Amino acid sequence: MSNLIKNELTKIFKKKGIYITLIVILGFIILTNCIYKYFYDDGDYSYYSEGYINYVNEEIAKLDPTKPSDTSLYIELKTTLDIYELLQKYGEHSWQAQVINNQVFTYITERNTYLYGIDKNEEKVGEINKEIDTIIEKLDQDDWMYFALEEQNTAEEKIKDLEEAIKNTEDKQQLESLELELTNAKIDLEVANYRVNKKIKYGDDYLNIALNSYGSDSKSLEQMKASKQDLSYEEQQEYNSYLKNIATNKYVIENNVDIYKQNDIRGIFSSFFNQYGLFIIAMVIIVAGTIVSEEFNKGTIKLLLVKPYTRNKILIAKFITMLIIIAFSIISAIVMELIVGGIFFGYDSLSIPILEYDFTNNTLLEINVFKYLGIQLLAQLPIVILLATLAFALSTIFTNSAVAIALPLLGYMGAQIINVLAVEYNVKFMRFFVTLNWDFTSYLFGNLPMMEGLTAPLSASVCIAYFVIMLIPTFIVFKNKDIKNI
Amino acid sequence: MELGKTTTIKLILGLQKITKGKVQINGFDVEKQFTKAIEKVGAIVENPDLYMYLSGYENLKLISNLYHGIDENRINEVIKLVKLDNRIHDKVSKYSLGMRQRLGIAQAILHRPSLLILDEPTNGLDPEGIKEMRELLIKLAKKEKMAILISSHNLAELDNLCNKVCIIKNGKIIESSSIEKIKNEVNSEYKIFEIDDTSKIKNLLPQAILLSPNQFKINLPKEKTPEMVAKLVINNVLIYGIMEDEKSLEDIFFEKTGGNVIE
């Protein structure tokens, strides 16, 4: 048996095909790393594009602020222009930009309402303008801590007010909404405290993104907790994602590490199969789809079949060879990424762990990049094995390499569309369809699978059933195949 | 010409399912004890299909891995035997048909089989190649003590090479015995006489078959030959030569099969 496998491997590695495939994959890996390094846009978006501002200018010229029907739109557009003007001064990516977008925005909207709205109030306008001037002064002084402390104070005061209000309220419904408001205020305070204590300057870097989403996710979670209704499956999934994001963002804030960074070697490894899965699968399928059919087409199968081995043994040897090629493809893709990624980004980022939230005991796990990669690949291995088995079965049954390569590739690409549709419209019977079951990553760490009713044992049974259903006819056909004139 | 030669070989080698009857090699049934039956068999079926992208040596190495006890020495010995020493490390895709045929034989005899099965081994070879192949096969039979089973429609070739023949017509064996026996059986005692003018014997020997203006054929037992010679000499017929009319395998084939009729 082992000598049969050895021979199969010799045949594969003496052919040019496998090296051409490897070179193509290497080329793709280099290209991917290159794009991540030089073109990756890390949420670097513009609030207001020039085109948009031109449009706003045109629109505002058409409006008459004295006409009651135009007033509210006029105020909105005018505010946009005012904000834009302010942003131009500091740049869209300055720390000031965030303050302007959050805090100054409310002031300017208020001022414009008094200036152009129905209840015009010169006095109020003056007051607000004074406040805006103070803010701008602080912005000019680069004093971001002022705003952080301000946020802290506002939250503290709000909490006091709300606690007072709760004491004096009897109405149950009102009490509930007040309590929710109180939790929100407490979250605001927590966020403000983090900013002050960790000295997180405003901006649009990962710390600010983590801090902001920490706040908003915490609020959403509290709201879900407060609602008395049973959660639907989608809501449970949402609930879980809040749990995970809150814990992860808290980790980011407390440890000051950029967990979400995509454009380095760690980022690419964290989504390895998504990046290179198609190439690994293509390489495996090319081998699996030709390993039997090519010998039939070239007539060399006769050499094998008149040797003192049963046909079952010959086919098993070829199947095991295919499994070895799967391991080879995955390992060579990892090695190539390790080399290419190292050249592009260096290896420093590999020391940062990957975070996963364990839903079974609600803890955040820090996982080494390579351990994480191993777990992910193991969980996604059924995809590769099942597709390769399909190619192998077609290759043996129809002895047609083109069919044996094209169909599994089509299947892999089609699977992604089918899965989305099945989940979107909650097609129950699709639970027994292989493509919804072959990715075990969603069962890791106690998370909820993408569709209600899917469980790890069900998925394992479905995968094994498909595997066996594909292999049995393959062996029967191969055993009984007459060698026609070639 | 689909007379069932290749099919027979495929049945023997287990490449096609046997619908009726059975095949035994060394006492082992091919269907029931395939690996034991095939262990001592080497074969080329149809064309010598080898791995074109490998060198001749790599091809032999692959085959040698599938049997126990074939070492480098045996491989080199076989390479020498089939006279491929000079080109053995070239890719098979660069080989001529004759070289491929020889490499095919090399892979079939690596494990010292007791039965070598060849399907039209001289097909497509040039005259020199045919001669070399014939010498090789005779050498194998004598030196390596192999039984060689050859299928062919080149009867002259088999006549030169074989001890035993088996004639198949429309899938049925219609003759199976040693060549000599068949020939003796078929050869009546005809003699061919070469003389000056056959018109002289028209009345003298009415039973003679005229072959040409100076050749005729006649059924004549050995012991009656001197008598016939005397008779001719007396009648002033000049005798230039007397030959035995030996039939070729080809003649026997057509006699037995009645020509190539596919029913």
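Let me start with how we describe helices: an axis is a line fitted to C-alpha atoms, for helices over the stretch in contact, and angles run from 0 to 180 degrees between N-to-C directions. Helices (H or I, at least four residues) and strands (E, at least two) are DSSP runs, numbered from the N terminus.

Before we look, some housekeeping. This is a predicted model, where local features need pLDDT of at least 70, side-chain atom pairs count only at pLDDT 80 or more, and totals for chains, interfaces and linings use all residues. Residues are numbered from 1 along each chain as its sequence is written, and chains are lettered from A and ligands numbered from 1 in the order in which they are written.

Now to chain B, and a pair of helices. Helix α3 (residues 56-65) of chain B and helix α5 (residues 97-109) of chain B have axes that come within 9 Å and cross at roughly 25 degrees. That makes α3(B) roughly parallel to α5(B); angles under 35 degrees count as roughly parallel, over 145 as roughly antiparallel, 65 to 115 as roughly perpendicular and the rest as oblique. Their crossing is right-handed. For handedness, look at the near helix: turned from the far one by less than a right angle, anticlockwise is left-handed and clockwise is right-handed.

Which residues make this contact? From α3(B) we have B:G56, B:N59, B:L60 and B:I63, and from α5(B) we have B:L103, B:A106 and B:Q107. By contact I mean that the C-beta atoms of two residues, placed from the backbone, lie within 7 Å. These residues divide into four nonpolar, three polar and no charged. In this count Ala, Val, Leu, Ile, Met, Phe, Trp, Tyr, Cys and Pro are nonpolar, Asp, Glu, Lys and Arg are charged, and the others, Gly among them, are polar.

Let's stay in chain B and turn to its sheets. Two strands pair if DSSP finds at least two bridges between them. One open sheet has three strands in the order β3-β4-β5 (chain B), with parallel pairing. Its edge strands, each pairing on one side only, are β3 (41-44) and β5 (147-151) of chain B. From one strand to the next, the twist averages 10 degrees. Strand β4 (residues 115-119) of chain B pairs with β5(B) over five bridges, and B:L115 has B:A147 of β5(B) as its bridge partner. Helix α1 (residues 5-12) of chain B packs on this sheet, touching β4 and β5 of chain B, and its direction makes about 150 degrees with that of β4(B). Our friend α5(B) packs on the sheet too, touching β3 and β4 of chain B, with its direction at about 160 degrees to that of β3(B).

The other open sheet I want to show has four strands in the order β9-β10-β8-β11 (chain B), paired antiparallel. Here the edges are β9 (209-212) and β11 (239-244) of chain B, and the twist averages 25 degrees from one strand to the next. Inside this sheet, five bridges join β8 (residues 190-195) of chain B to β10 (residues 215-219) of chain B; B:K191, for example, has B:I218 of β10(B) as its bridge partner.

There is also a hairpin, formed by β6(B) and β7(B) with two residues between them. In its turn, B:N170 has a positive phi of about 45 degrees. The two strands, β6 (residues 164-169) and β7 (residues 172-178) of chain B, pair in the antiparallel sense over six bridges.

Now over to chain A. Helix α16 (residues 369-398) of chain A and helix α19 (residues 456-480) of chain A pack at an angle of about 20 degrees, with axes 9 Å apart. That makes α16(A) roughly parallel to α19(A). Left-handed or right-handed? The crossing of α16(A) and α19(A) is left-handed. Among the residues in contact are A:L386 and A:F392 of α16(A), and A:F467 and A:M470 of α19(A). By class, the contact of α16(A) with α19(A) has 14 nonpolar, three polar and no charged residues.

Finally, how do the two chains meet? In the model, 23 residues of chain A are in contact with 24 residues of chain B. On the side of chain A that touches chain B, α1(A) gives the most, with five residues. That side divides into seven nonpolar, eight polar and eight charged residues.
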